[in-house]
Amino acid sequence: GDRVIRWIAPLLLLAAPAVAEISHSEIARTIRVCLDNVDRPEDCIGRYIRQCTSADGNDTTIAMVDCISAEVTAWDVLLNETYQETLVTLEDRDATGDVLTEETRRVPSLRAAQRAWIAYRDAECDLRYSLYGQGSLRTIVAANCLLTFTAERTIALRDMQGF
């Protein structure tokens with residue numbers, strides 16, 4: 001979850017100053033509030049981006065990618081927090097004694113799934129980046145891919161806590 005994909009990092013160095021004014025923790029807090037107050041958690045994805053890209057001067061490719069990347073970083077914070085919370089929840093369930101075999105323990109399964117998910121997300125977003133060749137749209141597509149995957153995984157991990 002802490003890895004910044006290689007094609008976004010160089011663009012962050014060129015970020016528009018207006019985008020950097022809101023901290024990632026503030027964006028994450030806003031997303032958390034949204035998740036707690038909507039029926040469809042998917043509706044919380046991209047809210048910051050819409051606000052950020054509508055600001056004066058944020059209509060360039062670099063600014064758009066920076067807006068998306070700021071929200072990705074916030075979702076990544078939430079992903080890591082939610083993953084830890086889900087681990088604790090599943091550890092408690094594993095301790096209840098309803099586990100039949102070592103293979104059915106929830107915590108090792110979650111860890112393996114999370115590692116596989118990270119590899120898949122990164123490979124899929126790298127693919128989407130490469131599909132656009134040298135076009136500037138590739139960075140927007142790839143950053144949006146990272147956002148969508150990270151946000152959806154955060155929501156899925158949150159849902160696992162209710163099983």
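Modeller: Gladly. Let us begin with a term: contact means heavy atoms within 4.5 Å. Please also keep in mind that this is a predicted model.

Biologist: Then what covers the buried residues of helix 5?

Modeller: The cover includes helix 4 (61-94) and helix 6 (137-160).

Biologist: Which residues of helix 5 are buried?

Modeller: The general idea comes first: an α-helix has 3.6 residues a turn, so residues three or four places apart point the same way. Here the buried residues of helix 5 are Val107, Leu110, Gln114, Trp117, Arg121, Asp122, Glu124, Cys125, Asp126 and Tyr129.

Biologist: How far apart are the end C-alpha atoms of helix 5, and what span should we expect?

Modeller: The expected span is 1.5 Å times one less than the number of residues. Helix 5 has 26 residues (106-131), so it should span 38 Å, and its end C-alpha atoms, 37 Å apart, agree with that. Just after helix 5 comes glycine 133, with a positive phi of about 55°.

Biologist: Now the sulfur links. How many disulfides does a search of the whole structure find?

Modeller: The search looks for pairs of cysteine sulfur atoms within 2.5 Å. It finds 3 disulfides in the whole structure. If the bonded cysteines are numbered in sequence order, they pair as 1-2, 3-4, 5-6.

Biologist: Which cysteine is joined to cysteine 34, and where do the two lie?

Modeller: Cysteine 34 is joined to cysteine 44, S to S 2.0 Å.

Biologist: Why is the disulfide of cysteine 34 and cysteine 44 called left-handed?

Modeller: The torsion about its S-S bond is about -90°, so this disulfide is left-handed.

Biologist: And what does cysteine 52 form with cysteine 67?

Modeller: Cysteine 52 and cysteine 67 form a disulfide, with sulfur atoms 2.0 Å apart. The pair links distant parts of the chain, 15 residues apart: cysteine 52 is in helix 3 and cysteine 67 in helix 4. The torsion about this S-S bond is about -70°, so the link is left-handed. To call a residue buried, we ask for under 20% relative accessible area. Cysteine 52 has 5% and counts as buried, and cysteine 67, with 0%, is buried too.

Biologist: Which helices does the disulfide of cysteine 125 and cysteine 145 link?

Modeller: Cysteine 125 and cysteine 145 have their sulfur atoms 2.2 Å apart. This pair links helix 5, which holds cysteine 125, to helix 6, which holds cysteine 145, 20 residues apart. With -85° about the S-S bond, the link is left-handed. Cysteine 125 and cysteine 145 are both buried.

Biologist: Last, the core. Which residues of the largest nonpolar core touch the most other members?

Modeller: In soluble globular proteins, nonpolar side chains tend to be buried together. In this model the largest nonpolar core has 35 residues, and Ile31, Ile68, Trp75 and Leu147 touch the most other members. At least two residues of this core come from each of helix 2, helix 3, helix 4, helix 5 and helix 6. Helix 4 gives the most, 12 residues.

Biologist: What does isoleucine 31 touch, leaving out residues up to four places away in sequence?

Modeller: Isoleucine 31 touches Glu71, Ala74, Trp75 and Leu78.

Conventions. Residues are numbered from 1 along each chain as its sequence is written. This is a predicted model: local features need pLDDT of at least 70, side-chain atom pairs count only at pLDDT 80 or more; totals for chains, interfaces and linings use all residues. Side-chain values use heavy atoms; hydrogens and water are left out. Helices (H or I, at least four residues) and strands (E, at least two) are DSSP runs, numbered from the N terminus. Buried means under 20% relative accessible area, exposed over 50%, partly exposed in between (1.4 Å probe, protein chains only). A nonpolar core is a set of buried Ala, Val, Leu, Ile, Met, Phe, Trp, Tyr and Cys residues joined through side-chain atoms within 4.5 Å.
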